[in-house]
Amino acid sequence: MSLETPDRIRTLQRKLYCKAKAEPAFRFYLLYDKVCRPDILAHAWELARRNDGAPGVDGVSFADIERSGVDEWLAALREDLASMTYRPAPVRRVMIPKPGGGERPLGIPTIRDRVAQTAAKLVLEPIFEADLEDSAYGYRPQRSARDAIGKTHRLIRQGFTDVVDADLSRYFDTIPHGELLQCVARRVSDRHVLRLIKLWLRVPAEERDGNGRRRMIGGKSNKQGTPQGGVISPLLANLYMNRFLKLWRLRRCDEAFRAHLINYADDFVILSRGHAHEALAWTAAVMTRIGLSINEEKTSVKDARTEGFDFLGYTFGPKYSGSNGQKYLGASPSRKSLKRIKTKIGDLLVPGNKGTWPQVQRQLNGLLAGWSAYFSYGTLAPAYRAVDRHVYTRVRRFLAKRHKVGGRGTRSFSMNVIFGERGVHRLIRIPPRAAAVSLQ
């Protein structure tokens, strides 16, 4: 459940958006005082608290702040911001696995910096939102990945089947600071806000090796990249990507390439009628001009009528009806998405998990509910059945081992038991007998 924005803040955001929309050349010059407003900082705290997350380099947790007093903590942050003595702490850098293999860095700011960035985002987002192109869907109010998925599916069904399946090389790490700050300055002339953004962009990252030794990287010498994990980073990344999307519109690429572009954060596809190669060549040239680059190894041109392509966790392309074998252009959860959820289920249901069954069951059901909420569009039955089969097998083995049941445990932990008495969430809602036949 999302946190409702207080009326006074919503009124401010509406005024900023309307002014920006009505006057595309207007530059906002009095914003910093709004970032420091007590009500905005208080709401920023509530949003950060709702998102939770680990402590930063200072080790201070939300619980620590609540024990010492949130009001006093917010007052101290406001004083630092208002007096211009605020300085962000280094971000704690950790490496997290990438779905396709390898690792990517994630920066974890301190809670103090998260709240300050959230306050700035509350003020700046309405201004930049007024300028973002309609083809952008990521990290935007009232827009979602599902909207981008639905639009992509509709377009291939309408005949835009020549597809540029694009991939950018390290987008978040390569955004040039100078050009990004120019994008911000086109709308914001308040030097204090610009200074704040520059501080966040150039904050160093702290890494620790296996022995706990500390190493600082980046800092003032860093001239590119938005720290992944920072609250303000998605907004800035959207703003810079908008340079490309806006040029696409101004150059009338939709007409020139008989194409549509769908963008979500650093991910995008171009759906064309016969001009995908030309669209890709133009895109690569523009990306080079703005300091970015296409990953040639991962970028390809495909015909969606004969082969599938992956976008936002879905596979789009030719499919066949299970009832009559008729071919159609569909959308369904990708193989990578299925593999990912199966891995997460396996990681949860390891023998070393000593949690009580109600605890394990709640975690498992939460995982399944979140996955199925995202993957709720298109052709779902085959993917849902595959997940149900995997859940049944893994839960049965988990419970059989825990209760020292011999054999495979199919008698003690039948499908009716697992999806009934044991309360595990089933994605395919079918009667137990039919489920037993389809899942065995």
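This is a predicted model: local features need pLDDT of at least 70, side-chain atom pairs count only at pLDDT 80 or more; totals for chains, interfaces and linings use all residues.
Local features need pLDDT of at least 70 and side-chain atom pairs pLDDT 80 or more, while totals for chains, interfaces and linings use all residues. Residues are numbered from 1 along each chain as its sequence is written, and side-chain values use heavy atoms, with hydrogens and water left out.

The largest cavity holds about 50 Å³ of space, volume here being the space filled by probe spheres set on grid points that are joined across faces, edges and corners. Its lining (residues with an atom within 4 Å of a point) consists of V91, Q117, I197, W200, L201, P227, G230, I232, S233 and L236. Helices are DSSP runs of H or I with at least four residues, strands are E runs of at least two, and both are numbered from the N terminus. Sorted by class, the lining has seven nonpolar, three polar and no charged residues; Ala, Val, Leu, Ile, Met, Phe, Trp, Tyr, Cys and Pro count as nonpolar, Asp, Glu, Lys and Arg as charged, and the others, Gly among them, as polar.

Now to the sheet. Four strands make an open, antiparallel sheet in the order β6-β7-β3-β8, where pairing takes at least two DSSP bridges between two strands. β6 (259–264) and β8 (300–303) each have a single partner strand, so one side of each edge strand has no neighbour in the sheet. From one strand to the next, the twist averages 20°. β3 (residues 162–165) and β7 (residues 267–272) pair over four bridges, and V163 has L271 as its bridge partner in β7. Helix α7 (residues 145–157) lies across β6 and β7, at about 160° to β6. α11 also packs on the sheet, touching β6 and β7 and making about 165° with β6. Axes are lines fitted to C-alpha atoms, for helices over the stretch in contact, with angles from 0 to 180 degrees between N-to-C directions.

Over in the loop between β11 (327–333) and α14 (335–348) sits S334. S334 is buried at 3% relative accessible area (buried means under 20%, with a 1.4 Å probe and protein chains only). Leaving aside residues up to four places away in sequence, S334 touches D310, G313, Y314 and T315, contact meaning heavy atoms within 4.5 Å.

Note on methods
On a 1 Å grid over the protein atoms alone, a cavity is a set of points where a 1.4 Å probe fits but cannot get out, and a pocket is an open set with protein on both sides within 12 Å along at least five of seven lines; lining residues have an atom within 4 Å of a point. Buried means under 20% relative accessible area, exposed over 50%, partly exposed in between (1.4 Å probe, protein chains only).
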